[in-house]
Amino acid sequence: MIFNDHIGAVNRSLQAFRADIMEDPLARKRLDLCVISFNHECVTENHFCSAQNWRPPTLVPGGATGMGQAIKVGLETLRGRLQRYRLDGVDCYRPWVMLVTDGLPTDMQPNDARWMEVRQLIQDGEQKRRFMFFSVAVLPEAIPALRQLGAQRPPLQVREGKIPTMFKWLSASFSSISRSQLGAPVSGITEPTATETGWADIPSL
């Protein structure tokens, strides 16, 4: 869930993100995108499609944060896409899963059944190298909950006014990945917490 004072920045940034990707001939063909929103319900705004066929959704704020269901739906959707690739004999880069929220989850609590299920899905997927999971908090209140999800990467907190920079970083990162060879190290991706070019901080414990 993203509140009104952030949703406009996110929507504008999604449009700019698509414009950046469309300027890269490789990225717009090789990048597959799926967007899932969550408030009182979980909605698949865009099913997986190539970036050149993708149209950014217009997100609206809601009154809840159904984060647990969104993670489950997102990872299941990704599993289905990867299965489709395998059936079609298509190799792919390691997918990125990016969770962005400014609220605490309202459909699960730390250590309840859904929480433990979601945590296990994230940990199993990362350990088996099925995806890389990034969690991003727009407000600091969400950091403790994101940390308890147990992802390999610590949660990030977006710096004030840096939502557009986050999406610029994403488009630049995906452009770098699209130019790399499958299985080879990727160059050209900066750390999101870099002092001069970064858009996020890693909050201390």
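**Before starting**

I am working with a predicted model, where local features need pLDDT of at least 70 and side-chain atom pairs count only at pLDDT 80 or more, while totals for chains, interfaces and linings use all residues. Residues are numbered from 1 along each chain as its sequence is written, and side-chain values use heavy atoms, with hydrogens and water left out.

**Entry 1: backbone angles**

I began with a reminder to myself: most residues other than glycine have a negative phi. Then I looked up N111, which is not a glycine and yet has a positive phi of about 80 degrees. I found N111 in the loop between β3 (96-101) and α4 (113-127). For these names, helices (H or I, at least four residues) and strands (E, at least two) are DSSP runs, numbered from the N terminus.

Is N111 buried or exposed? N111 counts as exposed, because its relative accessibility is 59%. The cut-offs are under 20% relative accessible area for buried, over 50% for exposed, and partly exposed in between (1.4 Å probe, protein chains only).

Next I turned to R129, also not a glycine, with a positive phi of about 60 degrees. R129 sits in the loop between α4 and β4 (132-137). R129 is exposed too, with a relative accessible area of 59%.

**Entry 2: the largest pocket**

Rolling a probe the size of a water molecule over the atoms shows where empty space is left. My note on the method: on a 1 Å grid over the protein atoms alone, a pocket is an open set of points where a 1.4 Å probe fits, with protein on both sides within 12 Å along at least five of seven lines; lining residues have an atom within 4 Å of a point. A volume is the space filled by probe spheres set on the points.

The largest pocket has a volume of about 1,400 Å³. I noted 50 lining residues, of which L33, C34, W96, V97 and M98 lie nearest the centre. Which element gives the largest share of this lining? That is α3, with eight residues. The lining divides into 40 nonpolar, five polar and five charged residues. Here Ala, Val, Leu, Ile, Met, Phe, Trp, Tyr, Cys and Pro count as nonpolar, Asp, Glu, Lys and Arg as charged, and the others, Gly among them, as polar.

**Entry 3: the second largest pocket**

I read a volume of about 640 Å³ for the second largest pocket. Its lining has 27 residues, and W96, M132, F134, R153 and I189 lie nearest its centre. The largest share of this lining, four residues, comes from β4. By class, I wrote down 17 nonpolar, six polar and four charged residues.
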